[in-house]
Amino acid sequence: MFKKILVANRGEIACRVMATAKKLGIRTVAVFSDADANAKHVAAADEAFRIGPAPVAESYLKIDKIIEACRQSGAQAVHPGYGFLSENPDFVEALEKAGITFIGPSAKSIRAMGLKDAAKALMEQAGVPVVPGYHGDNQDPAFLKDQAGEIGYPVLIKARAGGGGKGMRRVDDPQDFLDALSGAQREGEASFGDGRVLIEKYLTKPRHIEIQVFGDSHGNAVHLFERDCSLQRRHQKVIEEAPAPGMPDEMRKIMGDAAVKAAKAIDYSGAGTIEFIADVSEGLRADRFYFMEMNTRLQVEHPVTEMITGEDLVEWQIRVAFGETLPKSQDALAFSGWAFEARLYAEDAPKGFLPAIGTLDHLSLPEKSARVDSGVRAGDEITPFYDPMIAKIIVHGPTRDAALGKLLAALEATEVAGCVTNAGFLAALCRHKGFASGDVDTGLIDRDLEELVEEPSVPEDAVALAALAALGLTRPSSGNDPFETLAGWRIWSASRQFALLEIVGDRLDIEVRALGNRRFVVHLASGERTYTIVKVDDDTITYDCEGHRASAVVVNSGYGLAVFQNGHAFSIGLPDMLGSDDDATGAGDQVIAPMPGLVKVLSAVSGDTVSKDQPLVILEAMKMEHTLKAPRDGVIGDVFVAEGEQVTDGTVLLALVEEADAAA
Ligand code: ADP
């Protein structure tokens, strides 16, 4: 077996691969960019090499730097994870030349599947069903339009080099064809340097069902059943499951056989996924599934297959790369129960899934009730440089209902403060009736989007707890201090205090009166309520409100509070804290981001004369807006950011110059 391998990736997948390597007694080498110097994957490895600055083109995509790290460390093989260099045949060849094993397929297999049109042609030859359409060489717009007419609208134009949903256009009306074509070509050219397209029949009720395949270097190939990835948004997977709901055994066998045929057609070795699209307008039918593409790597959602089969796919990859035969034959493979995976992202679902960044001030993942694959720890930062994934939450149960129940419970137990997440959206999906009944298709999320991203209003208990916390009245009990029972109670004056809170853009001044013995009257919208703090355990506050006892987690995060209760997360701003910090945002000649966030409004351009305290930038973080003001009178010099840009903590946004300098 290999003695040492290098993982040419970051985040959760790098950690995931290293866990299996450790299990097999293999030493691990990490690579990292400057932004990742303190990342979890670096800490997880036996040794690590810096390979460049934060942007991926200067670090994780640098083939020579990675090979140099292999040389220096003596790593015998490289696991590429997914993304980055995982499907780059030039990387495979460069490793080969350097005498290092690539844990994945041959450069030839990757090339055969790299372009959607060539892959489809190859599959057609091998007798694998493909989506009806045109995938030939002729790229003349008028010819392509004729083809679209023959296929029959709606059609889907796809950049042949596409991936990640880029370069795809649905066309319903022949009139729109040429515009859509140039759009897809432009996107293909811009993203992949290849503007050539193919055209497919657009299926109106499709399911995305993919088959995990595995080959070895001895000519064997098997499949490890299917995954259903139909819950998608903008062609990106959101929740995946295995097996596929409603899949008849016979159809599973036909699809599995087709996938193995596809793998064998390209002498495939290693882990791969054959993605099929099934037309379910009349239910799942064995004569209505079509090859879409093959991913020649480990897939993000591979854990659901691991959960139902009990196999470790990374172990299989490493063994096969070392030259061993497949650990199991087709007949020896079986699955049981049901598995789901949800992708927890730093993104703002109600705001069109805007990627969010921030520092994970508080992170509590449901590790006790689920498998959690994560590349971050509390205190880590989600930066704009990489995919904003926080974790994959994976569950297994004896039945689909049981597994889905577990997924919802795990999501409800997920607590993240310091950056917005899609946890609420994922939980809403778990409660969706159609999804719960197994009636899935790729249009489900879009159809019910409004309802799925709806946020519950902040309940009064959360407001009350936030007010008490803001006033410092919820500190943990320190035992038998006799003065403690007087917390917040001032004998020499009226025991009234006010907490200034910002809730969904509204500022509220909440009056709190201390009664002693950790009892408080809080003035809420519905009237006065009496709260008793029963117990404080770290961040968990147990309280009693007029005979109703409950608990919530309240954490202080950056410029506000996060309250977690009943599976929901509420962000509550503390404008007082922000106000007092305004000075810190400008150091004389600069306006600096005091926290990671989104530049929402930029109200100055280079050359503008501004006066001290004039609002210049509105930064949005944790759903709250923070106004950054001019630190002094002056003229705006350089503007380093644009509206809509994500910035990290400490980024210089604007520079101020003296009036005389500006005139010069
Ligand atoms: P990419 O490589 O960019 O991810 P794919 O070809 O894998 O693109 O397609 C991504 C998703 O787009 C599929 O999972 C499916 O939801 C949708 N899709 C692809 N082809 C079709 C089609 N012919 N009809 C309807 N939807 C499609």
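**View 1. Packing of helix 3 with helix 4.** In this predicted model, helix 3 (residues 63-73) packs with helix 4 (residues 89-97) at an angle of about 35 degrees, their axes lying 11 Å apart. Helices here are DSSP runs (H or I, at least four residues) numbered from the N terminus, and axes are lines fitted to C-alpha atoms over the stretch in contact, with angles running from 0 to 180 degrees between N-to-C directions. I63, I66 and I67 of helix 3 meet D90, F91, A94 and L95 of helix 4, where contact means heavy atoms within 4.5 Å.

**View 2. Packing of helix 12 with helix 13.** Helix 12 (residues 400-412) and helix 13 (residues 423-431) pack at about 155 degrees with axes 9 Å apart, and the two helices are therefore roughly antiparallel to each other, a term for angles over 145 degrees. Helix 12 contributes L404, L407, L408, L411 and E412 to the contact, and helix 13 contributes L426, A427, C430 and R431.

**View 3. Residues around the ligand.** Of the 23 residues around the ligand, K116, K158, G165, H208 and Q232 come nearest, a residue being near if one of its heavy atoms lies within 4 Å. An N or O atom in the side chain of Q232 is 2.6 Å from an oxygen atom of the ligand, while a polar side-chain atom of H235 lies 3.0 Å from an oxygen atom of the ligand.

**Notes.** Residues are numbered from 1 along each chain as its sequence is written, and side-chain values use heavy atoms, leaving out hydrogens and water. Because the model is predicted, local features need pLDDT of at least 70 and side-chain atom pairs count only at pLDDT 80 or more, whereas totals for chains, interfaces and linings use all residues.

Technical notes
Angles under 35 degrees count as roughly parallel, over 145 as roughly antiparallel, 65 to 115 as roughly perpendicular and the rest as oblique. A polar contact is a pair of N or O atoms within 3.5 Å; within protein, one must be able to donate a hydrogen and the other to accept it, and residues adjacent in sequence count only if both atoms are side-chain atoms.
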